[in-house]
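Hi,

Here is the protein I said I would pass on to you.

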Amino acid sequence: MSQGGSSNVIDGRRISQLVQEEVKLHVEQLKSEHGVEPGLAVLIIGDRTDSQVYVKHKVLACEKCGIRSVKVELGKETTQEEAERVVRELNGDSSIHGILVQLPIPEHLDEKKLLAEISFEKDVDGFHPTNIGLLAMRDRKALAQPCTPSGVMEILRREKVETKGAKAVVVGRSNIVGIPMALLLLKANATVEVVHSQTPRAELESAVKSADILVVAAGKAGLVDGSWIKEGSVVIDVGMNSIPDASKKNGYRLVGDVQYDEAAKRAKLITPVPGGVGPMTVAMLMHNTEGGRRVASLT
Ligand code: NAP
């Protein structure tokens, strides 16, 4: 079933609200039955305005869900040693159940090394190599799964999209979206094809045309031609691109990677941009922070 303006448009904001209401209930249960108050530490390094905005959204979502949040701010001159020391301190703090480092961090810092410092039990982003390794293995489960792809799986589950036996195509192979997305779809028994920037355009087109479920995460406005979309398929557009738009007060608007209008005529279900996958990412972060199995491993 879909919500939103048109009958085939998936309302990501509404699904995100539902997930957060469920998280709130679980948090209340954790507090009353186990005396545990989940705590999320958000480490922000430097003075990027966009990072401050993203962190503000995460802190507000924590408030809504009854999760304690701690914002740790470090200056843009912070050294690698100092940043790693702060992460280690948070690893050792029993009132903190989840740690995330707001990306990007200043260029002089080694992002891979810093992220690897987060103990995998507190890795709410699901980016730790151990969690990605568990995600990649059959019959194993990561303690936390990357938020954006698990938000996509949540959309598919709530919209009752059958993944078993479906042909799924993922455009993009980043560590944050494409690769974990492909792994999650594979675990959900889809037959998965991954295409990327080195895939010839004709193969990109034929892959898209074959997809029952298409997930696009390339960060290229309008990359997927709407006429390629298979009739009756499910189209999930993760892409978020700002393009100039003189009619807007701020001079730009957000669009996805799929040419929406044509695609929406052919798809059974489609996510809009904005208002599709975007709101799911923070909801799944809340889910991961509350995450019973992970919090249980720490208490
Ligand atoms: P990324 O790290 O830049 O990865 C982009 C991927 O797309 C790469 O694997 C790249 O291939 C592939 N690609 C680039 N151009 C392509 C082309 N012409 N044809 C096929 N594949 C192409 O980006 P990301 O972090 O995965 O994010 C992707 C998009 O999702 C961005 O627009 C981002 O803003 C958005 N996003 C949204 C959310 C959300 O909450 N909604 C969360 C995360 C990301 P190579 O590997 O060969 O370079």
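Let's start with the overall build: the protein chain has 11 helices and 10 strands (both are DSSP runs, numbered from the N terminus: helices are H or I with at least four residues, strands are E with at least two). Before you go further, keep in mind that this is a predicted model, where local features need pLDDT of at least 70, side-chain atom pairs count only at pLDDT 80 or more, and totals for chains, interfaces and linings use all residues. Residues are numbered from 1 along each chain as its sequence is written, and side-chain values use heavy atoms, with hydrogens and water left out.

**The whole chain**

With 299 residues, a compact globule would have a radius of gyration near 19 Å, and the protein chain agrees, at 19 Å (taken over C-alpha atoms; the globule rule is 2.2 Å times the number of residues to the power 0.38). Along its principal axes, the C-alpha trace spans about 50 × 40 × 35 Å. Buried residues make up 48% of the 299, where buried means under 20% relative accessible area, exposed over 50%, and partly exposed in between (1.4 Å probe, protein chains only).

Now for contacts, meaning heavy atoms within 4.5 Å. Among those between residues at least 6 apart in sequence, 68% join residues at least 24 apart.

The domain assignment gives domain 1 (35-119) and domain 2 (146-278); such bounds come from an automatic or database assignment. The centres of the two domains, taken over C-alpha atoms, are separated by 29 Å.

Where does Val161 lie? You'll find Val161 in the loop between α6 (147-158) and β4 (167-171). Val161 counts as buried because its relative accessible area is 14%. Leaving out residues up to four places away in sequence, Val161 touches Leu156, Ile213, Val234 and Leu269. From Val161 to His196 is 35 residues in sequence and 24 Å in space, C-alpha to C-alpha.

Is Ala217 buried or exposed? Ala217 is buried, because its relative accessibility is 18%. With residues up to four places away in sequence again not counted, Ala217 touches Val171, Gly172, Val177, Val238 and Asp257. Ala217 and Asp237 are 20 residues apart in sequence, and their C-alpha atoms are 6.8 Å apart in space.
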